[in-house]
There are 2 protein chains.
Amino acid sequence: MQGTVRGLSYTLLRAARLSGSVRMSTHTIVPPSPALLLPLCIPQRLMLGPGPSNVPPRIQTAGGLQVLGHMHPEVFQIMDDIKLGIQYAFQTKNTLTLAVSGSGHCAMETAIFNVVEKSEVVLVACNGIWGERAADIAQRIGADVHLMAKQPGEGFTLKEIEKGLAQHKPSLFFISHGESSSGVVQPLDGIGDLCHRYNCLLLVDSVASLGGAPIYMDQQGIDILYSGSQKVLNAPPGTAPISFSEAASKKIFSRKTKPPSLYVDLTWLANYWGCDGKPRIYHHTGPVTNFYSLREGLAILAETGLERSWEIHRENALRLYKGLEDLGLKLFVKDPALRLPTVTTISAPEGYDWKEITTYIMKNHGIEITGGLGPSTGKVLRIGLMGYNSTKTNVDRVLNALRDALQHCSKNKM
Amino acid sequence: MQGTVRGLSYTLLRAARLSGSVRMSTHTIVPPSPALLLPLCIPQRLMLGPGPSNVPPRIQTAGGLQVLGHMHPEVFQIMDDIKLGIQYAFQTKNTLTLAVSGSGHCAMETAIFNVVEKSEVVLVACNGIWGERAADIAQRIGADVHLMAKQPGEGFTLKEIEKGLAQHKPSLFFISHGESSSGVVQPLDGIGDLCHRYNCLLLVDSVASLGGAPIYMDQQGIDILYSGSQKVLNAPPGTAPISFSEAASKKIFSRKTKPPSLYVDLTWLANYWGCDGKPRIYHHTGPVTNFYSLREGLAILAETGLERSWEIHRENALRLYKGLEDLGLKLFVKDPALRLPTVTTISAPEGYDWKEITTYIMKNHGIEITGGLGPSTGKVLRIGLMGYNSTKTNVDRVLNALRDALQHCSKNKM
């Protein structure tokens, strides 16, 4: 009992605590809330919304493994595996390939923060929430942002894109491959060539589509591509794969000014991820257990094979479309070629309150399906079938739940 | 077999895959690396560096639980629990209390990005790496940054701080409570009052100290305080607790310009964390399994009790100091009142290569201890005893490993 804490001996301190009055130095301790003493309980739930998707046992196990240091060689090996996994999933040979320590939005910021400098022109194709967000981020850092807007549920033609490029002469063009708020998959062939012809880099969001719909980063001339961990890859949210072409890297590493963020500065991240050929030095403490989970998600995709994964998602989506039409429901995306296989949007059924349907299905079937998001709010119901969750059984379960909900949910009196 | 993928029938596709040539549309699939087919292996390791620290079984289990939606009521409940846990750990009643979806650096950026606008004066107390990083971030967003520099191993007096405040008239003053690169704990009493007298907000980094050394956010007048999940809280890295006083909140919510980042914009985060009294709307996909782990780390701290936790860290640190001196090693921080109980720095032993010692201990004892970081590189060895890892047994294990290393590592011939 030799030690003292700010002048109070431990013996005194113990006596004080036992007497119910705990003071250290001149400060008083405020006790914790009793809510923290209750156990943590996580219910069973089938996650058929637009993500996160359910995590298979192999990935759950990985997420519960003991942490290692963010600079240990075993973790660098796992990060190297993740790079290989992303290169496969993205179909790219890009050296500057890594996962950011944050959500898909963090990856979106990583792209825009590093590629764009103040006053540069950014053109954003906006047919849902992701375009809105990309424009917001670019505006915050002082870019000259122009929108090419379309209604949710529609895609962009090469002609429309060329018109935008010719008119605005942007240095960066943003488009979503998987517009999960509206359920649209944007055809990408030809956009890279167009952008390059106009001396512009192509940035593509594939958060909701990667592994569920074909994408070929190198062959399609995509300069910056990012995704998320919690969709088809079936890992928990918290990391986001991203990759940069030679041209994008060149622009990034010849910036006149530092990017606004240290946390996502690619000069640092490229080093931490072993992309710059130099010894790795400490940047930030990477979320190592999320890296374990992401590594396993990418490994499962590699074992399944991309083309098989695309096929599974398309088969189950077609099965879902058929079942929805049999229930008298209407698919929100009219053009079958623009339907995103991972997230299906249903036009909000007339005479129903969409919120009542999703609540009924959650309560009575333990299944998450959701309403719209951003510009599609109130217009759609959304069903996600991603990776591990993209199965015939789940299609039948959600159709059964919807049938039940349509029978039991009271008609809207409007 | 009715479906087609970009014009190729599945039958054709299967035949193509069986024949070894897989083509979809005009694009060719590049196969995955065989490295991804190897199993994920995580070795057993005692993590006695400056963090991450080992994760106890209860928190590992939480991290491996099934994901729920980032907008599900059960997750909002867990986020509410986290807020209560942070309020207890920080000893604050602040409404604007939450965890950011990233590492401690992300929390540092959240603080500076939201509180500081272009051209505002920021004063940074710099006696190790964290001050350097805070200055770097503030400079990136155009602040007028001034440094108050000291040698690693030293702290700041109130007189020195007052001189800096009077000279530079900053709107924000940054100081580290736990300078883990040098092993210094900064006394905080009186700094808040000083800052407020000079019309300045006080920002404190407690990533390495929270739960291990006394801190009283409200009573000490700290305006912005942040920490990390992976130190005394013993959760995996990936989330970072942060809290803002009334005065800080007022400054944030009356900014003239938007913060540079959407991802850490507090207008959005305050809503997502239920701090603004409005219905929560989608901002980003929170790392839900990291929230589970953080919730459990904070619950364990609440069950242990802050004062008991501080006492444990101090007792084990004192035991470590005694053992190190018995081995003939010198503590780097001369003033006992400035020694951080969670991270002990040892002056790099003369005649040894510090890197050989850490490598020997990792290889032969499976224990991580580290060298210095930033300005302390080459000057120190660092031993962390944090939360679950702060035990007598671990003190004895690391002392035994050090004794062995000192006997076996070849003397430096310089």
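The entries below cover symmetry, pockets, cavities, an annotated lysine and some backbone details.

**Entry 1: how the copies relate**

I reminded myself at the start that this is a predicted model. I then superposed chain A on chain B, which took a rotation of 180° with 0.0 Å of shift along its axis, at an RMSD of 0.0 Å. That is the relation of a two-fold axis.

**Entry 2: the largest pocket**

What is the volume of the largest pocket? I noted about 1,000 Å³. Its lining has 43 residues, and nearest the centre lie Met71(A), Tyr282(A), Thr370(B), Leu373(B) and Arg382(B). I looked up which elements each supply at least two lining residues: helix H3 (73–90) from chain A, and helix H4 (104–115), helix H5 (129–140), helix H12 (354–365) and strand S17 (370–371) from chain B. Sorted by class, I have 17 nonpolar, 17 polar and nine charged residues in this lining.

**Entry 3: the second largest pocket**

I put the second largest pocket at about 850 Å³. For this one I listed 35 lining residues, with Lys355(A), Glu368(A), Thr370(A), Gly371(A) and Met71(B) nearest the centre. Here chain A brings helix H5 (129–140), helix H12 (354–365), strand S16 (367–368) and strand S17 (370–371), while chain B brings helix H3 (73–90), each with at least two lining residues. Which element has the largest share of this lining? I found H12(A), with five residues. By class, the lining of the second largest pocket divides into 14 nonpolar, 13 polar and eight charged residues.

**Entry 4: enclosed space**

I turned to cavities next and counted seven of 30 Å³ or more. The largest cavity has a volume of about 130 Å³. Its lining has 15 residues, and closest to the centre are Gly104(A), His105(A), Trp130(A), Val207(A) and Tyr282(B). Helix H4 of chain A (residues 104–115) gives the most to this lining, with three residues. I sorted the lining of the largest cavity into five nonpolar, eight polar and two charged residues.

The second largest cavity holds about 80 Å³ of space. It has 16 lining residues, and I noted Ser101(A), Gly102(A), Gly238(A), Ser101(B) and Gly238(B) as the closest to its centre. How many of the residues lining the second largest cavity are charged? I found no charged residues there, against four nonpolar and twelve polar.

**Entry 5: the annotated lysine**

I looked for annotation and found that UniProt, in an unreviewed entry, places "modified residue: N6-(pyridoxal phosphate)lysine" at Lys231(A). I located Lys231(A) in the loop between strand S13 (224–226) and strand S14 (240–244) of chain A. Is Lys231(A) buried or exposed? Its relative accessibility is 7%, so Lys231(A) counts as buried, the cut-off for that being under 20%. Leaving aside residues up to four places away in sequence, Lys231(A) touches Pro50(A), Gly51(A), Ser53(A), Val207(A), Ala208(A) and Met386(A).

**Entry 6: backbone details**

Gly51(A) came up again when I looked at peptide bonds: a cis bond joins Gly51(A) and Pro52(A), with omega about 0°. I placed Pro52(A) in the loop between strand S5 (46–47) and helix H2 (57–63) of chain A. In chain B, the bond from Gly51(B) to Pro52(B) is cis too, with omega near 5°.

I also checked for positive phi in residues other than glycine. Lys169(A) has phi near 50° and lies in the loop between helix H6 (158–168) and strand S9 (172–176) of chain A. With a relative accessible area of 63%, Lys169(A) is exposed. Asn199(A) has phi near 60°, and I found Asn199(A) in the loop between helix H7 (191–197) and strand S12 (201–205) of chain A. At 70% relative accessible area, Asn199(A) is exposed as well.

How values were computed: Residues numbered from 1 in each chain as written. Chains lettered and ligands numbered in written order. Predicted model: local features only at pLDDT ≥ 70, side-chain atom pairs only at ≥ 80, totals over all residues. Heavy atoms only, no water. 1 Å grid on protein atoms, 1.4 Å probe; cavity = no way out; pocket = protein on both sides within 12 Å on 5 of 7 lines; lining within 4 Å. Points joined across faces, edges and corners; volume = space filled by probe spheres on them. Helix = DSSP H or I, 4+ residues; strand = E, 2+ residues; numbered from the N terminus. Nonpolar A, V, L, I, M, F, W, Y, C, P; charged D, E, K, R; others polar. Least-squares fit on C-alpha atoms with pLDDT ≥ 70 in both. UniProt positions renumbered as here; feature names shortened; annotations may be inferred. Buried < 20%, exposed > 50% of the residue type's maximum accessible area, 1.4 Å probe, protein only. Contact = heavy atoms within 4.5 Å.
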